[in-house]
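Me: Could you walk me through this one? I'd like the overall layout and then some detail.

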Amino acid sequence: TNRAELIRSSGLVRQVDDTEPWDYVRGPFPRAWVIEGTEDFDFEGLESKVNCDLRLIVQIAYQFNSADSQQTLYRLGRSYIARLEQAWMADFMCSGLAKVSLPVGNSIGYAGDNDKPIGIVTTEWAVRYLRNNMDPFKQ
């Protein structure tokens, strides 16, 4: 997707995948996933155009030191969230394809074991775009 390429080119992570993450503990790290969520349509008041709201979920898995796990987990997680938001907002209109895209929420979690802990940042974005009602591939 366009967002996967934006994240890939930002240098934020080493690998970006467009599929659901099945195994968080497999590198290379940091690693990101861009997942399309639900899409809602608003036909109200528009004859030939449709407002579409697409949810995009970005997850980043990263390794951290288990010696001071909670502090490192959240410090690194917040750093990834900030850098992801910075990269995303540099092109918040998705190269002109969207009217706007905004962060909806984020969370920081944990996977793996104590020997090889993996932090997981999950961010959700709302992307609003206008689509031609007669041809979904046109704006």
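Me: In what order do the elements of the protein chain run from the N terminus on?
Reply: They run α-β-β-β-α-β-β, where helices (H or I, at least four residues) and strands (E, at least two) are DSSP runs numbered from the N terminus. Please keep in mind that this is a predicted model, in which local features need pLDDT of at least 70 and side-chain atom pairs count only at pLDDT 80 or more, while totals for chains, interfaces and linings use all residues. Residues are numbered from 1 along each chain as its sequence is written, and side-chain values use heavy atoms, with hydrogens and water left out.

Me: Which residues have the most contacts inside the largest nonpolar core?
Reply: They are V58, I60, Y62, W88, I108, V121 and V127, in a core of 24 residues; such a core is a set of buried (under 20% relative accessible area, 1.4 Å probe, protein chains only) Ala, Val, Leu, Ile, Met, Phe, Trp, Tyr and Cys residues joined through side-chain atoms within 4.5 Å.

Me: And which elements give two or more residues to it?
Reply: Strand 2 (31-42), strand 3, helix 2 (69-89) and strand 5 (117-132) do, and strand 3 gives the most, with seven residues. A second, separate core of seven residues includes F29, W33, A61 and I120.

Me: Switching topic, where is Q59?
Reply: Q59 lies in strand 3, which covers residues 49-63, and it counts as buried because its relative accessibility is 11%.

Me: What does the side chain of Q59 make a polar contact with?
Reply: Its partner is the side chain of T122, at 3.0 Å; a polar contact is a pair of N or O atoms within 3.5 Å, and within protein one must be able to donate a hydrogen and the other to accept it, with residues adjacent in sequence counting only if both atoms are side-chain atoms.

Notes
Buried means under 20% relative accessible area, exposed over 50%, partly exposed in between (1.4 Å probe, protein chains only).
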